[in-house]
Amino acid sequence: MNPSGVSHHPESLIPVNEPLLTEADFDAVMQALRSGWISGAGPHIEAFEARWAAYCGRKHGIALANGTVALQVAVALLDLQAGDEVIMPTFTIISCALPVVLAGAVPVLVDSDPQTWTMDVSQVEARITSRTRAIMPVHIYGHPVDMDPLLEVAERYHLRVVEDAAEAHGADYRGHRIGSFGESSCFSFYANKLLTTGEGGMLMVDDDALAERARRLRNLGFQPARRFLHAELGFNYRLTNMQAALGLAQVDRMDEIVARKRRMGQAYTERLSEVAGLELQVQQPWARSVFWMFGLVLSGDTGIDAEEFASRLKARGVETRPFFLGMHEQPVLREMGLFDGEVYPVAERIARGGLYLPSGLGLDDAQIDQVCQAVREALA
Ligand SMILES: Cc1ncc(COP(=O)(O)O)c(C=O)c1O
């Protein structure tokens with residue numbers, strides 16, 4: 001991995017992901033730099049927040065240092081008490097469980113849907129208790145969660161919804177843009193995301209009071225009326241104006257970025273869906289994925305696991321990444337006494353048999369053909 005953690009590859013290796021930045025992006029960053037607004041305030045931040053909020057169909061965007069702290073601020077807005085519970089998929093990144101645990105609350109897990117690999121919404125209701133406060137759906141690898149039944153359960157039990165949209169910029173669910181659902185939504189703009197600011201994130205809300213509080217939490221709890229007077233403990237989670245300029249430049253070409261990712265997803269699907277021994281993420285009729293990462297899962301009868309498959313692909317010049325490992329299998333969480341005896345068969349199966357293929361914006365058709373050829377050879 002290079003310092004940005006995206007990819008490190010000799011010329012012959014097709015990287016799992018590489019950002020695709022343009023002259024317009026470089027110019028935007030230089031302009032921000034020359035303006036003197038180089039820290040966590042400035043015109044590009046406000047413009048980026050407004051444009052991204054409009055793109056997602058939200059009233060407010062609060063730019064933050066990364067996607068993990070966007071989730072942390074979203075969770076802070078829930079005002080969880082010790083022992084409160086938040087329902088989330090086990091198959092996700094630790095960024096989802098982390099702020100809940102740090103708040104003294106408890107992540108409560110559901111398994112993955114075998115087709116979409118996102119949370120199995122039909123399992124949510126059975127996990128609700130008198131301590132449940134919120135649900136955190138995660139749109140895994142760019143495929144939306146089935147939001148209608150999830151929102152229906154949330155409403156019936158008066159639960160708040162924090163949408164983790166970190167992997168699904170521009171995706172939609174039944175015609176509605178991902179990032180517009182529930183009380184709040186969180187994005188990551190890490191280097192491998194559809195829109196990147198290097199490091200970066202954004203919290204989106206519609207409620208004015210929540211937006212104001214999130215802005216205060218981002219900025220050490222400073223109050224507009226009197227700086228250095230604190231009524232609440234906040235964080236320094238500011239995004240810089242230069243990063244915001246980089247993000248803003250990409251909002252203009254989101255249609256092109258999304259179209260490119262969908263072409264990649266379609267090309268892989270056409271070439272790999274008939275290959276025996278492979279399971280792909282099945283796009284549902286109600287969802288339009290953005291194929292953030294193109295994943296595949298090896299079926300048991302191939303006789304190999306994802307690790308062996310990855311090394312065979314690497315030998316053929318193809319870089320890959322393993323899938324998430326479920327929260328219930330994380331030593332750091334289990335040592336806290338969480339998830340004792342819990343089993344999530346779908347998440348466990350895809351964690352062991354899954355990896356994702358090169359999925360960067362710069363990938364061309366010839367490389368996709370090369371990757372698919374390597375996949376077939378590695379399985380033979
Ligand atoms: C689903 C999900 N949530 C949250 C995050 C955290 O974002 P960041 O890496 O910007 O902290 C990621 C990161 O890739 C993610 O995939």
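Strand β8, residues 184-188, is mostly covered, with five of its five residues buried. The model described here is predicted. From β8, S184, C186 and S188 point one way, while S185 and F187 point the other way, and all are buried.

β8 has pairing partners in β5 and β9. Strand β5 (residues 160-164) runs parallel to β8 and is joined to it by three bridges. In this pairing V162 stands opposite S184 of β8. With strand β9 (residues 201-205), β8 pairs in the antiparallel sense over five bridges. Here F187 stands opposite M202 in β9.

The confidence of the prediction can be stated briefly. The average pLDDT of the protein is 95, and 97% of the residues score at least 70. Residues 1-5 have a pLDDT below 50, and beyond near neighbours in sequence this stretch has nine contacts in the model.

### Ligand

The ligand has 13 residues around it, of which T68, D164, E167, S188 and K193 come nearest. S188 also belongs to the group of β8 residues that point one way with S184 and C186. Helix α3 (residues 67-76) gives the most to the shell around the ligand, contributing three residues.

| Residue | Ligand atom | Distance |
|---|---|---|
| N66 | oxygen | 3.5 Å |
| D164 | nitrogen | 2.7 Å |
| K193 | oxygen | 2.6 Å |

Taken alone, the ligand exposes 390 Å², and the protein buries 90% of that.

Is P149 buried, partly exposed or exposed? P149 counts as partly exposed because its relative accessibility is 33%, and a residue is buried under 20% and exposed over 50%. P149 is placed in helix α5, which covers residues 147-156. Leaving aside neighbours within four places in sequence, P149 is in contact with V121 and Y173. Along the chain P149 and V124 are 25 residues apart, and their C-alpha atoms are separated by 9.7 Å.

### Helix α7

Helix α7 (residues 241-251) is largely enclosed by the rest of the structure, because ten of its eleven residues are buried. The buried residues of α7 are N241, Q243, A244, A245, L246, G247, L248, A249, Q250 and V251. Which helices are among those that cover them? The cover over the buried residues of α7 includes α1 (23-35), α2 (43-56) and α8 (254-272).

### The four-stranded sheet

An open sheet of four strands has the order β10-β12-β14-β13, and its pairing is antiparallel. β10 (278-280) and β13 (321-322) stand at the edges with a single partner strand each, so one side of each is left without a neighbour in the sheet. Within the sheet, strand β12 (residues 294-298) and strand β14 (residues 354-357) run antiparallel and are joined by four bridges. In this pair G295 stands opposite Y356 of β14.

Note on methods. Residues numbered from 1 in each chain as written. Predicted model: local features only at pLDDT ≥ 70, side-chain atom pairs only at ≥ 80, totals over all residues. Heavy atoms only, no water. Buried < 20%, exposed > 50% of the residue type's maximum accessible area, 1.4 Å probe, protein only. Helix = DSSP H or I, 4+ residues; strand = E, 2+ residues; numbered from the N terminus. Pairing = 2+ DSSP bridges. pLDDT = per-residue confidence, 0-100. Contact = heavy atoms within 4.5 Å. Near = heavy atom within 4 Å. Polar contact = N/O pair within 3.5 Å; in protein donor to acceptor, adjacent residues only side chain to side chain. Areas by Shrake-Rupley, 256 points an atom, 1.4 Å probe, with all protein chains shown as cover.
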